[in-house]
Amino acid sequence: MSRLKDKVAVITGGNSGIGFGIAQEFKNEGAKGVIVGRNQETLDSAAAQLGDNFIGINADVTNVADLERVFAATAEKFGKIDVIVANAGAGTVGTVATFDEADFDKAINLNLKSVYFTVQKALPYIKEGGSIILIGSNAAHRAYANFTLYGAAKAAVIYLAKGFSSDLLDRKIRANVITPGTTDTPAFDKFVPAEQMEAVKKHFADQMPIGRIGQPSDIGKTAVFLASDDSSFLLGAELLVDGGMTYLS
Ligand code: NDP
């Protein structure tokens, strides 16, 4: 299919998990563009799998100068930008009793500040009618143990989709947010010992109303909809892609 034919997309965190799933679905629909991450090995491997129409740019999304460089380089190579996916992020584990000021800044810089500046630094290049897609989390809607600041940052990201849409009305740029539930990505590796992985994933799947955890392609297909003109009437919307886990379990 070619719902994104010739559209140029920038996907932060496109070298892993959900971001790579989005990039693959975009590629399947005819898009081209840039994936952004810090790990050169996974960037090279992901870009190679995406083929000639995608390149990887090594950058830290918490560094505003890096973001300026990413969008300037994208515009220079592809001539325009149609779609931004602010996906890079990570769960940060701690409670109000344990998280100190440095932990706070780290969690908020990665999961909130980076989203704001990813969008701001894309603005000089993104075309009228462009689509901004933010990746939040269902953790914004329920208290999960130890995810207090992560959930708070992701709740703010849900607001940003509304605020950005309002700010950018004059340029007809739409911002919407996808809030995934538990999704099978390498992020699990950071929290679960390898020998327990299978049992943990089964445990999550058994608790899901739909009977399985999400796949990056579930999020990718939703992102294709938000990137395409099929969603031209959606501004500031949240699409909860969670197999029912947030409100049905
Ligand atoms: P992964 O760990 O698989 O991917 C995270 C991506 O973000 C990597 O590509 C990583 O690249 C990139 N990244 C992280 N920090 C930075 C940084 N400072 N600068 C540039 N890139 C960075 O995780 P997921 O795919 O699971 O997560 C993607 C998004 O989805 C996150 O925002 C997460 O909060 C959200 N989410 C995930 C859920 C899940 O169950 N998996 C559920 C709900 C939301 P690199 O390592 O090269 O820096």
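How many residues does helix 1 have, and what distance does it reach from its first C-alpha to its last? Helix 1 has 12 residues and reaches 17 Å, close to the 16 Å expected at 1.5 Å a residue; the expected span is 1.5 Å times one less than the number of residues. Helices (H or I, at least four residues) and strands (E, at least two) are DSSP runs, numbered from the N terminus.

This is a predicted model, in which local features need pLDDT of at least 70 and side-chain atom pairs count only at pLDDT 80 or more, while totals for chains, interfaces and linings use all residues. Residues are numbered from 1 along each chain as its sequence is written.

Helix 1 is mostly covered, with nine of its 12 residues buried (20 or more other C-beta atoms within 10 Å of the residue's own, C-beta atoms being placed from the backbone). Among the buried residues are G17, F20 and F26. After helix 1 comes G30, with a positive phi near 95 degrees.

Around the ligand stand 28 residues, of which G13, G17, G37, N39 and G89 come nearest. Two or more shell residues come from each of helix 1 (17–28) and strand 2 (32–37), and helix 1 gives the most, with three.

Elsewhere, helix 4 (residues 101–122) packs against helix 5 (residues 148–167) at an angle of about 15 degrees, their axes 9 Å apart; the axes are lines fitted to C-alpha atoms over the stretch in contact, and angles run from 0 to 180 degrees between N-to-C directions. Helix 4 is therefore roughly parallel to helix 5 (an angle under 35 degrees).

Conventions. Near = placed C-beta within 6 Å. Parallel < 35°, antiparallel > 145°, perpendicular 65-115°, else oblique.
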